[in-house]
Amino acid sequence: RSRTWGDVIRHMKALTPEREIVASTMWVRGEVERILQQYLTDREAEIVRLKYGLYDPPIPKTSKEIGELKGLTKQRIDQIHNVALEKLRECPDIIAVADELQIRTSPS
């Protein structure tokens, strides 16, 4: 099965103390941040971070909330988000990170 951006986000949010140690969680966050910086514009990366709650505290925001923060319409936020997701779908690093997460979170 092909790995996707959604798989990475789901795994990142599913990490629990029983299954992962703090170092592994930090690795995931670092890899996601590296991918966002490498493949997206600053604006796209910011919207993805806000949309998926990748900040501390990890509270996802709606397109409307992000639009109010950024002075843009909900529709414009959705457009930018969709462009970012398209770029991430084509990102070869996503597969590598998702595969590594599968290895790290599989029961021993």
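Predicted model: local features only at pLDDT ≥ 70, side-chain atom pairs only at ≥ 80, totals over all residues.
Me: What percentage of the residues counts as buried?

Reply: A residue is buried under 20% relative accessible area, exposed over 50% and partly exposed in between (1.4 Å probe, protein chains only). Of the 108 residues in the protein chain, 37% are buried by that cut-off.

Me: How many helices and strands does the chain have?

Reply: Both are DSSP runs numbered from the N terminus: helices are H or I with at least four residues, strands E with at least two. The protein chain has 6 helices and 0 strands, giving the pattern α-α-α-α-α-α along the sequence.

Me: Which residues of α3 are buried?

Reply: An α-helix has 3.6 residues a turn, so residues three or four places apart point the same way. In α3, which covers residues 42-52, the buried residues are Glu44, Ala45, Ile47, Val48, Arg49, Leu50 and Tyr52. Just past the end of α3, Gly53 has a positive phi of about 65°.

Me: How do I read the packing of two helices, and at what angle do α3 and α4 cross?

Reply: Two packed helices are described by the angle between their axes and the distance between the axes. Here the axes are lines fitted to C-alpha atoms, for helices over the stretch in contact, with angles from 0 to 180 degrees between N-to-C directions. For α3 and α4 (residues 63-70), the axes cross at roughly 135° and come within 10 Å. Angles under 35 degrees count as roughly parallel, over 145 as roughly antiparallel, 65 to 115 as roughly perpendicular and the rest as oblique. α3 and α4 are therefore oblique to each other.

Me: Which residues make that contact?

Reply: Contact means heavy atoms within 4.5 Å. From α3 come Glu46, Ile47, Leu50 and Lys51, and from α4 come Ser63, Ile66, Leu69 and Lys70. To sort them, Ala, Val, Leu, Ile, Met, Phe, Trp, Tyr, Cys and Pro count as nonpolar, Asp, Glu, Lys and Arg as charged, and the others, Gly among them, as polar. The contact of α3 with α4 then holds 4 nonpolar, 1 polar and 3 charged residues.

Me: And at what angle do α3 and α5 pack?

Reply: The angle is about 100°, and the axes lie 9 Å apart. α3 and α5 are therefore roughly perpendicular to each other. On the α3 side, the meeting residues include Ile47, Val48 and Tyr52, while those of α5 include Ile77, Ile80, Ala84 and Leu85. This contact divides into 8 nonpolar, 1 polar and 6 charged residues.

Me: How do α4 and α5 pack?

Reply: Their axes are 8 Å apart, at an angle of about 105°. That makes α4 roughly perpendicular to α5. Ser63, Lys64, Ile66 and Gly67 of α4 meet Lys74, Ile77 and Asp78 of α5. By class, there are 2 nonpolar, 2 polar and 3 charged residues.

Me: Let's zoom in on Trp5: which residues does it touch?

Reply: Trp5 sits in helix α1 (residues 5-14). Leaving out residues up to four places away in sequence, Trp5 touches Val32, Leu36, Val48, Tyr52, Leu85, Leu88 and Ile94. Trp5 has a relative accessible area of 5%, so it is buried. Beyond neighbours within four places, Leu85 contacts Trp5 and Tyr52.

Me: How far apart in space are Trp5 and Ile95?

Reply: Their C-alpha atoms are 8.4 Å apart, although 90 residues separate Trp5 from Ile95 in sequence. Val8, also assigned to α1, is buried at 1%, and its C-alpha is 8.2 Å from that of Val32, 24 residues away in sequence. Across the chain, 63% of contacts between residues at least 6 apart in sequence join residues at least 24 apart.

How values were computed. Residues numbered from 1 in each chain as written. Heavy atoms only, no water.
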